[in-house]
Every structure is written in structure tokens, then in C-alpha cells.
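My notes follow in the order in which I made them.

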Amino acid sequence: MINLVKPLMPGSTIGIVGGGQLGRMMTLSAKKMGFRVGVLDPVENCPTAQLADWHIVAAYDDILALEEMARRSDVITYEFENVSVEALNAILPLCHVPQGTDLLAITQDRLLEKSFLEANNIVIAPYSTIISPTDIQDAIESIGYPCVLKTTRGGYDGKGQYVLKGTKDLAPSMNLLRGGTCELEAWIPFEKELSIIVAGNGEEYTTFPVVENIHRNNILHETIAPANVPSYVEQEVKRIAKVIAESLNLCGVLAIEMFLTETGAIYVNELAPRPHNSGHYSIEACDFSQFDAHIRGIAGWPLGEVHLLHDAVMVNILGEHLEQSYQEIAKKPQWQFHYYGKELAKTGRKMGHITIVTNDVEETLSEIKQTKIWD
């Protein structure tokens with residue numbers, strides 16, 4: 001059943017926990033639909049606060065601050081998964097949180113996430129729970145090399161994980177165990193990394209196109225929409241997305257990252273309970289963006305079928321690319337430049353992205369490479 005008694009009407013207020021670029025782009029969509037927006041974030045002048053109607057400067061787990069947000073909002077959403085489940089649970093009696101906290105809890109813990117996926121007959125990489133160093137050797141005997149040791153909590157853009165290619169990697173991997181329980185996962189020899197955005201309002205669900213992702217140093221570099229995959233792969237990815245969304249009574253959007261092997265096998269790697277970097281292309285390339293779908297979903301609005309209007313390539317602008325990217329603004333009139341308003345540019349930090357709608361993906365990839373910004 002849909003969580004809202006009736007759809008949220010324009011003029012209502014949406015509170016966003018988290019003030020980064022995802023909240024900023026949520027705000028743009030919410031404003032377009034006539035909503036007011038408030039944000040809770042510890043950073044003054046964070047990207048979302050630059051566009052929101054009001055800003056509560058506080059930590060994400062500050063229950064008093066969350067209670068204030070609840071009093072000032074009609075619904076509350078979150079823009080990333082490192083929000084305190086306990087703190088959100090504390091304000092559920094005060095304000096509607098359409099996404100709920102079960103999904104948040106599942107995606108904050110890799111072991112819970114894997115258990116959830118297995119319970120829904122979703123294929124994942126073989127794995128073992130690692131509590132002590134002696135567990136690793138036992139797990140490797142069944143999983144083999146190469147494999148990946150991952151912390152069960154935290155971890156983003158490749159943090160909190162270590163690839164083991166042989167016995168020489170055992171000792172350095174032990175640092176992760178100092179932080180608590182880990183999981184050891186088989187390395188999947190993938191041909192392509194795929195992802196899909198699925199949106200829901202609690203009773204109906206819709207999927208975005210299947211896309212291909214290219215990572216560098218564990219950070220998303222480029223997204224190609226649509227992915228160049230056989231139709232049976234596309235249909236299976238969309239089926240998996242719908243199964244997951246329906247089992248969660250999803251409100252808002254969920255990103256699902258997957259591996260595609262040379263033999264056509266699909267393994268789900270990770271879930272993200274919010275808009276995702278690999279969905280940014282949808283702002284220009286689809287009739288509804290992932291941010292539009294998220295706002296519609298949490299507001300209880302109907303969700304129609306999403307159509308890809310143009311093929312597209314999205315490329316991330318990290319801190320080390322920022323200054324050079326400015327030089328392309330005057331040279332590339334067809335490129336769509338998005339900058340997030342972050343005050344400090346750091347190496348590896350996402351500062352913006354560029355989306356290029358195209359009739360020739362390979363030509364566009366070559367054009368991006370020729371700028372030498374991302375060399």
C-alpha cells in the first residue's frame with residue numbers, strides 16, 4: 001500500500017537530511033513542482049542550502065535538530081545512506097518519512113543487504129562473514145583468489161575494501177578488520193559494470209534505462225546511456241529492479257549496481273537508497289529525471305513510464321578536473337555543465353558533472369578524451 005493518505009500538494013514542505021549535490025538536484029526538481037524545501041546539514045552554505053528555503057545547521061544524528069525539521073516539514077527524505085537509523089526512527093511519530101528506515105538499515109550493512117538480496121532470489125557474489133583473522137583463511141579456501149575484503153558498514157567510492165590477489169595481500173588487509181566485522185567476497189570477472197535506477201511511490205514502480213558505468217580508482221568516471229547490452233540482459237536487469245522495489249514497497253528512487261560477465265550472468269553488487277551518480281544523465285536525456293522521480297515518489301504522485309529521449313554520456317568533474325573543465329565551457333556549446341557549488345575542491349571530490357546528449361556514443365567518448373582533462 002502507498003504510504004501517503006493523499007498525494008502531497010504544491011506548497012507543502014519537503015525536508016532533506018543531507019546537503020550535498022544530490023540534495024541540491026532534488027531541490028531543483030521539488031521547486032519545479034511547487035514544493036518548499038528545507039535542509040539539515042552540518043556545513044554552512046552546503047550545495048543544497050544554496051537553493052533551499054531554510055537550513056538547519058546540525059549533525060545528521062542530532063535528534064533535537066531532526067525534531068525541528070520534522071515540525072517544519074510535511075515529509076522528510078534523505079540524500080545519502082549514512083544517516084542515523086535510530087535518529088530517524090525517533091522522529092517518525094512527528095513527520096512522515098516515505099522511504100521509511102528499513103531500506104536505510106539494509107543498505108547501511110553489507111551483510112544485511114546480502115541477506116535481503118538472497119531472500120529475494122537475487123544472484124550475488126559468493127561471500128563469507130569475517131569476524132577474526134582466522135576466518136579469512138577458511139573463507140579463501142572456499143572462495144579462492146582473487147577476492148575482496150569489505151567492511152560491513154561505511155565505505156563509499158571504494159573506501160572500506162581491499163582486493164586480495166594472493167597470500168601477500170593477507171597482512172595488509174587486516175587493517176580493515178580493526179574496524180569490526182567484514183565480509184569476504186569473490187571477485188567477479190565482469191565484462192561490464194551496469195546500473196539501473198528504479199522509482200516507486202509505494203504501489204507502482206518504474207525503471208530508468210540500463211546504463212554502463214566506467215570507474216577510475218573506484219570512483220565513477222563515465223556513465224553511458226543506454227548500455228550496449230543484449231535485450232535479454234536489459235529485460236533481466238529491469239526485472240531484478242522491479243523485484244527489489246516491490247519487496248521494499250519503495251518510495252522514492254533506488255540505484256542498483258550490477259556486474260555483467262562475459263557469459264551473460266548478472267550479479268547484483270550494491271544498492272543505494274537514493275538518487276545516484278550514474279543517474280545524472282537522466283536530467284537531459286529522459287522525459288523525467290531521477291530527481292523528478294524521487295520527489296514524485298515520496299510525494300505520492302503517479303509514476304509514468306520513463307523514456308530515454310537521447311543517448312547520452314555523463315562524465316564526472318572531480319576536484320583535480322575543475323579548473324580545466326571551466327576552459328571547456330566556451331568551447332563546447334552542446335555540453336551540459338553542472339557545478340555543485342562546493343567551496344573546496346579536493347582530489348577525488350565530486351565537484352560537478354557534464355552530460356552530453358549524442359547520436360554517436362563512441363565519437364562522444366573520443367571527444368571527452370581529446371580534452372585531456374581526465375588523462
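**Entry 1: the model**

I noted at the start that this is a predicted model.

**Entry 2: a four-stranded sheet**

I looked up an open sheet of four strands, and the order is β5-β8-β6-β7 with antiparallel pairing. At the edges I found β5 (127-130) and β7 (161-164), each of which pairs on one side only. Ignoring direction, neighbouring strands of this sheet are turned by 20 degrees against each other on average. I then checked β5 and β8 (residues 182-186), which are paired in the antiparallel sense over four bridges. Opposite Thr 129 I found Glu 183 in β8.

Next I asked which strands helix α5 touches. Helix α5 (residues 110-119) packs on the sheet and touches β5, β6 (147-151), β7 and β8, and its direction makes about 145 degrees with that of β5. Helix α7 (residues 170-177) also packs on the sheet, touching β5, β6, β7 and β8. The direction of α7 makes about 160 degrees with that of β7.

**Entry 3: helix α5 itself**

I listed the buried residues of α5: Arg 110, Leu 111, Glu 113, Lys 114, Phe 116 and Leu 117. The N-terminal end of α5 is capped by Asp 109, with a side-chain oxygen 2.9 Å from the backbone nitrogen of Leu 111. After α5 comes Asn 121, and I read its phi as positive, near 60 degrees.

**Entry 4: strand β15**

How many residues of β15 are buried? I found that seven of the eight residues in β15 (residues 311-318) are buried, so I put the strand down as mostly covered. Strand β12 (residues 219-225) pairs with β15 in the antiparallel sense over four bridges, and Ala 225 stands opposite Ala 312 in β15. Strand β17 (residues 350-358) runs antiparallel to β15, and eight bridges join the two. There, Val 315 stands opposite Ile 354 in β17.

In β12 I also looked up His 221. I wrote this histidine down as buried because its relative accessible area is 6%. Beyond four places in sequence, the contacts of His 221 include Met 314, Val 315 and Asn 316, and Trp 374 is also among them.

**Entry 5: Asp 41**

I found Asp 41 in the loop between β2 (36-40) and β3 (54-56). Asp 41 is buried yet has no salt bridge. The nearest side chain of opposite charge, that of Arg 349, is 8.4 Å away. I did find a polar contact of 2.7 Å between the side chains of Asp 41 and Tyr 60. Residues that Asp 41 touches beyond four places in sequence include Gly 18, Gly 19, Cys 46 and His 55.

Is Glu 193 buried or exposed? Glu 193 lies in strand β9 (residues 190-201), and it counts as buried because its relative accessibility is 18%, with the cut-off at 20%. The side chains of Glu 193 and His 215 are joined by a polar contact of 3.3 Å.

Glu 262 sits in the loop between β13 (251-261) and β14 (266-272). I called Glu 262 exposed because its relative accessible area is 72%.

**Entry 6: salt bridges**

I searched the whole structure and found 15 salt bridges. One of them joins Arg 274 to Glu 81, with the closest N and O atoms 2.7 Å apart. This pair links distant parts of the chain, 193 residues apart. Arg 274 is in the loop between β14 and α9 (282-285), and Glu 81 is in the loop between β4 (75-78) and α3 (85-91). I noted Arg 274 as buried at 4% relative accessibility, and Glu 81 as buried at 12%.

Arg 239 forms a salt bridge with Glu 236, the closest N and O atoms being 2.9 Å apart. Arg 239 and Glu 236 are about one helical turn apart because they are three residues apart in helix α8 (residues 231-248). Arg 239 is partly exposed at 42%, and Glu 236 is partly exposed at 28%.

In the salt bridge between Lys 331 and Glu 328, the N to O distance is 3.7 Å. Lys 331 is exposed at 54% relative accessible area, whereas Glu 328 is buried at 6%. Last, I noted that Lys 31, Arg 36 and Asp 53 are linked in a network of salt bridges.

Technical notes:
Residues are numbered from 1 along each chain as its sequence is written. This is a predicted model: local features need pLDDT of at least 70, side-chain atom pairs count only at pLDDT 80 or more; totals for chains, interfaces and linings use all residues. Side-chain values use heavy atoms; hydrogens and water are left out. Buried means under 20% relative accessible area, exposed over 50%, partly exposed in between (1.4 Å probe, protein chains only). Lys and Arg count as positive and Asp and Glu as negative; His and the chain ends are not counted. A salt bridge is a side-chain nitrogen of Lys or Arg within 4 Å of a carboxyl oxygen of Asp or Glu. A polar contact is a pair of N or O atoms within 3.5 Å; within protein, one must be able to donate a hydrogen and the other to accept it, and residues adjacent in sequence count only if both atoms are side-chain atoms. Contact means heavy atoms within 4.5 Å. Two strands pair if DSSP finds at least two bridges between them. Axes are lines fitted to C-alpha atoms, for helices over the stretch in contact, and angles run from 0 to 180 degrees between N-to-C directions.
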